[in-house]
Every structure is written in C-alpha cells, then in structure tokens.
2 protein chains.
Amino acid sequence: MAVTIRDVARASGFSVATVSRVLNGSGPVKPETVRKVRDAATRLRFTPNVAARSLSTSRTHTLGVLLPDLHGEFFSEVIRGVDQTAQTHGYHVLVSSSHNSPQEIAAALQTMRGRVDGVAIMSPVPNAEALVADLPRSVPLVLLNCAADVAGVDTLDIDNHGGAYAMTRHLLTLGRRRIAFLRGPKGNADGEARLRGYRAALKDAGVVHDRTLELDGDFQQHSGYHAAKHLLTISPRPDALFAANDSMAIGAIGALREAGVRVPEDVAVVGFDDIPIARYIHPALSTVRVDIAKLGGRAVKVLLHAVGHRNEHTRVRETFATELVVRASCGANY
Amino acid sequence: MAVTIRDVARASGFSVATVSRVLNGSGPVKPETVRKVRDAATRLRFTPNVAARSLSTSRTHTLGVLLPDLHGEFFSEVIRGVDQTAQTHGYHVLVSSSHNSPQEIAAALQTMRGRVDGVAIMSPVPNAEALVADLPRSVPLVLLNCAADVAGVDTLDIDNHGGAYAMTRHLLTLGRRRIAFLRGPKGNADGEARLRGYRAALKDAGVVHDRTLELDGDFQQHSGYHAAKHLLTISPRPDALFAANDSMAIGAIGALREAGVRVPEDVAVVGFDDIPIARYIHPALSTVRVDIAKLGGRAVKVLLHAVGHRNEHTRVRETFATELVVRASCGANY
DNA sequence: CGCCCCGATGTAACCGTTTCCACACGCCCG
DNA sequence: CGGGCGTGTGGAAACGGTTACATCGGGGCG
C-alpha cells in the first residue's frame with residue numbers, strides 16, 4: 001500500500017487529525033508543528049488518497065462535460081476552454097461524448113454521479129427542459145446552447161439568432177437574393193435558432209421565403225459537401241449559401257469548386273462559429289464568430305460558483321454575443 | 001444523504017454483503033434473492049457511491065489522458081478515439097492539456113494519482129525516458145508518440161519516419177527538387193522523426209541537403225502561414241513544401257495564395273496526419289494518413305490490459321502504419 | 001449415521017480521509 | 001482564586017462501499 005496519513009502522523013509525532021489540519025490549512029496549528037508535519041509529508045512523498053478524501057467530503061474536484069460528439073474543431077475548442085479554466089481552479093475535467101438523445105444524456109449523468117461536482121451539458125436535443133426536469137438535481141448543471149428554459153439549472157447560450165440575422169442581412173446588402181441555408185442536425189437547438197435568424201432577416205428584408213432553399217445538414221463537413229452538390233441542381237441557382245456552421249461551409253466550398261463554380265463570384269458561402277481554420281481556407285471564410293473556448297471557460301466558472309454555494313445560488317442565464325467576421329467567401333471584398 | 005447500500009439491505013431484508021454480491025454479480029446468491037435485491041435497489045433508486053467503492057477496491061474506472069495542447073483537429077481525434085473505446089468498456093476519461101514540459105507532466109500525473117486507473121500520455125518532450133523514469137510507476141502508463149524506449153511502460157508510435165520518407169519520395173518522383181520542410185515544435189518527437197524521414201529520403205535520392213530549407217514551425221496554422229511567407233523570400237524559391245502536420249500545411253497554403261503563388265503548380269504543399277478537413281480545402285491536401293482516433297482507441301485497450309494484469313503484463317511497443325494520401329496539393333493530378 | 005463440503009447468507013473489519021468533540025493548558029478577568 | 005475562553009492537539013466516529021471469515025443447513029458419501 002501507499003503511504004497514508006497515518007504514516008505521516010507517526011513519522012511526525014502528531015495525530016492524524018493534526019496532520020490533516022496542517023495539510024488542509026484548516027484549524028489552528030503551531031507554526032512549528034506545521035513545519036514538522038510538512039517535512040514528514042514530503043519526506044515520505046505522501047499523496048492524499050482522493051477516493052478517501054471525497055468519500056468524507058463528498059467533493060471530487062472534478063467537473064464533467066457532456067458533448068454530443070467530438071468531430072471538428074468546435075468541440076475541441078469547448079474542451080480547451082473548459083480544461084484551461086478548470087485547471088486554474090484546481091479542478092479536473094471528465095469528458096464524455098456521443099450523447100445525442102435525452103436517454104443517453106441521462107445515462108451518462110447517472111454514471112458520472114459521484115465522480116463530478118458539476119456537469120456542463122452541451123445538448124443537441126430539442127427539449128432539454130424535459131430531459132433535465134426529471135433528473136436528480138443534486139449535482140449542479142449548466143446547459144450550453146440548449147435554448148432551454150429550465151428551472152434550477154444555469155444556462156449559457158450563443159446569440160445564434162442575432163448572429164444569423166446579421167449574416168443574412170450582410171449577404172442581402174451585398175446584393176445576394178437567393179440565399180440558401182444549410183441546416184444543422186434535426187432538432188439541434190443551435191441550428192434551429194440560426195435558421196430562425198436567417199428566416200427573420202429574409203422576412204424583414206421582404207425577400208420571399210423559399211423552403212426549397214433550406215437544405216439538410218448535420219454539422220459535419222461531408223454533409224456540407226453533399227448539400228452543395230444538391231444546391232447546384234436547384235434552378236434558378238442560389239447565389240449564396242449560409243451554412244449553419246463552418247465545417248459544413250468548408251465542405252460546401254470543396255464541392256462547389258469541384259463543380260467549377262466560383263466562390264464567391266457565383267455563389268457566396270458563409271458559415272458560423274469561426275473555428276480557427278476558417279481564416280486559412282480559400283476563399284477565407286466569412287462567418288459569425290463565437291468565442292467557443294470562452295464559452296467553455298465561462299461554463300466552468302458558473303459551475304464552480306454553484307458548487308461553492310452548494311447549488312443554492314441564484315441561477316444564471318447568459319447569452320454570448322456573436323460577431324460578424326467578413327472575409328472573402330461572402331464576396332464583400334472583390 | 002443519498003440512499004446507501006444499507007438502505008437497500010434494509011428494504012430487501014438482506015445484509016449489505018448480500019446486496020453487494022448481487023449488485024456486483026460476485027459470489028453465489030439465490031435467484032430469488034437477486035430479484036428481491038434488484039427490486040429494492042431500483043425502487044430506492046440506489047446509486048453506489050463511487051468514492052466509497054474505489055476507496056475499498058482502489059479502482060476508479062477512469063483513465064487519464066495527458067495532451068500537450070488542444071489546438072486543431074488532431075487532439076480532438078485522439079480524445080474521440082479514447083472516449084469511444086473507454087465508453088464501450090465502461091470507463092470514463094479524464095483529460096488534461098497544456099503539458100509541454102516534463103515538470104508539467106509530472107505534476108499532472110501527480111494530481112491524477114488516485115483518480116485514474118491508467119494514463120495515456122502524449123508527450124511532446126524530447127526525452128520522455130527521463131521524465132517517466134523517476135515517476136512512481138504504480139499507475140499503468142502508455143506513451144503515445146514519444147519515440148521513447150522506456151522500461152516499464154507501454155508505447156505506441158506512429159511510423160513518422162516511414163510516412164515522411166514516403167511522402168518526400170513521392171514529391172521527388174513528381175520532379176520536385178527543392179523541397180522545403182516545415183518543422184514541428186522544437187524537441188517534439190513526432191516532428192523530429194518526420195524531419196529525419198524527410199532527410200533520409202533526400203539523401204537516398206542523392207539530393208543535396210540544404211539546411212535553409214528547413215523552416216521552423218510549431219504545428220499550429222499561423223506558424224505555417226508565417227513560414228510560407230518566409231519561404232517566398234528564399235532564392236531560388238523551393239518548388240515544394242512538406243509541412244510536418246496538416247494544420248501548418250493549411251496555414252501555408254493560405255499564405256502562398258495571398259502572395260499569388262499557385263499551389264501546386266508553383267509550390268507543392270503537403271502535410272501529415274490527414275485530419276478530417278484536409279480533403280475539403282483547396283487544393284485538396286496530399287498528406288500522410290494516420291488513424292488518430294484508432295491510435296487513441298488502441299491506447300485505451302493497452303491501458304485496460306495493463307489494469308487487468310495489475311500492471312504486471314509484458315509491455316507492448318507498437319508502431320502505427322501510415323498511408324500516403326495523394327490528392328491535389330502535391331501536383332500529382334494535373 | 002457421521003462427516004465433509006458446498007451453497008447462501010450475515011457480521012464486521014477495512015480502505016484513508018475529514019471533522020466533531022473532548023481535553024489540557026495558559027491567560028485574563030471579575 | 002476560580003471560571004471562562006482560546007489555542008493546540010488527540011481520539012474516534014463518520015463517509016459507503018467490498019470482502020474475509022464465520023455460520024448454518026442440507027445433500028452426498030463412506
């Protein structure tokens with residue numbers, strides 16, 4: 001067995017209680033004692049057993065992150081933000097992906113129980129309300145991008161509607177009229193909100209709404225690729241494509257180029273998210289920036305606040321602003 | 001407090017020992033008893049306390065992953081592979097990033113102690129041997145891409161040398177002679193091995209080695225961008241650029257295009273990794289494929305094997321084959 | 001018929017912390 | 001001078017599981 005607190009107690013000549021107090025900085029201890037105990041601890045290379053510790057404190061110093069999947073740069077940015085912030089607060093991060101249904105999320109939450117002090121859920125499901133509603137609410141939760149209004153949990157959202165509205169408006173001012181929209185996965189809250197923003201902008205501009213210009217996608221590159229192929233069969237051909245995320249926009253550009261269609265001259269293509277790679281592709285992708293890593297970091301802070309108040313804090317509901325990023329693919333600069 | 005095994009025992013009319021046996025499928029129990037206990041457990045919504053469990057079993061059912069950073073698609077692919085495999089084996093994944101020095105790795109390993117049953121380390125440091133050598137070897141470790149030969153740990157490597165050799169050879173057969181190489185971060189084992197493969201191929205082909213064609217990079221897009229800018233100042237100008245990873249290759253292509261240099265006509269650009277996005281950029285990136293997710297998955301399996309044998313198994317040392325992927329950016333198809 | 005073994009179950013020790021409570025001591029104050 | 005208080009420390013009870021060991025019938029076998 002490894003060295004325990006008892007060994008340190010014996011070696012330093014004090015009781016386990018005192019050793020514990022020294023190591024945790026709790027309770028009054030003589031400086032002299034502190035020194036001796038510290039000495040013994042380092043000499044023996046004592047490392048507290050985290051299981052034992054969390055058994056008695058019921059704190060794990062770990063946060064969970066539930067993601068729908070791990071494809072593309074979007075999610076790695078989320079994790080990056082989460083990990084970074086968690087680390088600076090002395091917390092660990094437990095990730096779990098491939099949760100696309102309420103059932104899977106509930107199951108994952110179940111198995112995480114007791115392993116984490118709080119969980120950030122990025123849920124693609126339409127009605128997160130229902131999902132979270134009948135979960136044991138013992139663990140602090142923060143919902144990311146769920147557009148849900150659930151009592152008892154914190155929620156962080158991206159201003160999807162506003163971003164999509166602004167981008168659509170931008171395309172309209174550039175003179176594009178037949179703007180196709182490439183949707184996210186069915187029921188995905190982000191995707192839906194972006195779609196609504198697009199529709200609203202069209203409507204406000206008095207452009208007639210054409211359902212056939214709303215293409216199906218699933219946020220992954222290849223779906224953008226296929227959607228663009230399909231778009232080329234539409235007559236009259238759209239002069240712009242607004243993809244619900246950057247990955248699909250990139251896939252779409254690939255398909256258009258293959259077909260000899262010029263971007264942005266023939267078809268403007270824009271995305272959403274501003275993943276790091278967006279500026280390096282050709283043409284550089286115009287998109288709607290979301291500070292994804294920051295969102296992840298914020299989620300951690302909210303969670304830690306909840307943990308600190310034993311989940312009896314006033315709930316937070318924030319919306320992250322987006323920013324229009326105009327590069328080349330929208331045709332603004334030629 | 002939550003419902004404990006004692007509550008289940010009381011409710012079912014059996015002892016905690018029997019309940020435990022039923023729930024873990026250990027020891028002989030009457031079918032009738034099993035039913036009753038199961039009933040009581042579900043009725044009370046009993047969830048075993050993982051801390052208590054791991055305190056007595058010293059198993060956490062969690063694996064750790066240490067990564068140098070989380071930028072780009074490469075690492076998210078690793079995590080994806082790890083998570084997927086871990087999940088199918090009922091394991092959780094603790095990730096931790098930004099570990100670029102032996103000290104940081106050691107520290108992270110320290111704080112993970114007791115939280116995980118094993119750790120996969122993707123270490124960029126040159127001499128992982130030294131690092132891991134003086135770590136407490138209680139926890140099973142698997143080293144990814146360290147090109148290190150450390151006793152007592154499993155190691156998984158990518159055939160960096162072979163892949164780079166093949167790619168360089170490919171460029172040579174296409175008639176390129178002044179092939180620049182864009183290096184990875186200083187001391188990064190993958191980067192170094194790829195560089196050596198490049199050099200070896202040049203040497204074997206009798207091409208004189210020109211140090212000025214070896215550019216500095218750090219695996220991130222912007223470094224590829226800047227390196228390409230620099231490359232354009234070299235005279236005579238190189239006719240090919242082999243980037244040590246795809247992210248940099250993509251950044252480089254962006255820079256070249258900005259400068260009006262045609263890829264691949266004027267300068268061929270190739271990468272390494274075959275991240276998902278590689279095929280969608282323009283020109284589609286020729287690269288060396290590595291099944292990153294599979295590597296992550298394999299790491300988990302190795303780790304679980306080690307855990308199963310209480311870290312007293314025969315160590316594994318595997319090299320993952322790479323595959324030359326010829327697309328457009330190398331100029332083979334025009 | 002007695003013994004042994006096996007199946008089924010219970011009792012309690014143990015895992016390594018934290019923390020409540022008790023206690024000793026010195027000091028101040030009434 | 002005694003009681004209260006604050007400081008420093010120790011003893012031991014949690015925390016909630018797992019599991020070694022004990023117990024108890026009953027069936028097979030010599």
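How many residues does the contact take from chain B and from chain A? The views below come from a predicted model.

**View 1. The contact between chain A and chain B.** The contact takes 36 residues from chain B and 36 residues from chain A. On the side of chain B that touches chain A, two or more residues come from each of these elements of chain B: helix H4 (50-57), helix H5 (73-88), strand E2 (92-96), helix H10 (221-231) and helix H11 (246-258). H5(B) gives the largest share, 6 residues. By class, this side of chain B holds 16 nonpolar, 14 polar and 6 charged residues.

**View 2. Strand pairing across the two chains.** Strand E2 (residues 92-96) of chain A pairs with E2(B). The sense is antiparallel, over 3 bridges. Opposite Val95(A) stands Val93(B) of E2(B).

**View 3. The open sheet of 12 strands.** Its order is E11(A)-E5(A)-E4(A)-E3(A)-E1(A)-E2(A)-E2(B)-E1(B)-E3(B)-E4(B)-E5(B)-E11(B). Pairing is mixed. Strand E11 (317-320) of chain A and strand E11 (317-320) of chain B are the edge strands, and each pairs on one side only. On average, neighbouring strands are turned by 20 degrees against each other, direction ignored.

**View 4. E4(B), E5(B) and a helix packed on the sheet.** Strand E4 (residues 141-144) and strand E5 (residues 154-158) of chain B run parallel, joined by 3 bridges. Leu144(B) has Leu156(B) as its bridge partner in E5(B). Helix H12 (residues 292-308) of chain B packs on the sheet. H12 touches strand E1 (62-66), strand E3 (118-122), E4, E5 and E11 of chain B. The direction of H12 makes about 170 degrees with that of E5(B).

Definitions and conventions: Residues are numbered from 1 along each chain as its sequence is written. Chains are lettered from A and ligands numbered from 1 in the order in which they are written. This is a predicted model: local features need pLDDT of at least 70, side-chain atom pairs count only at pLDDT 80 or more; totals for chains, interfaces and linings use all residues. Two strands pair if DSSP finds at least two bridges between them. Helices (H or I, at least four residues) and strands (E, at least two) are DSSP runs, numbered from the N terminus. Axes are lines fitted to C-alpha atoms, for helices over the stretch in contact, and angles run from 0 to 180 degrees between N-to-C directions. Two residues are in contact if their C-beta atoms, placed from the backbone, lie within 7 Å. Ala, Val, Leu, Ile, Met, Phe, Trp, Tyr, Cys and Pro count as nonpolar, Asp, Glu, Lys and Arg as charged, and the others, Gly among them, as polar.
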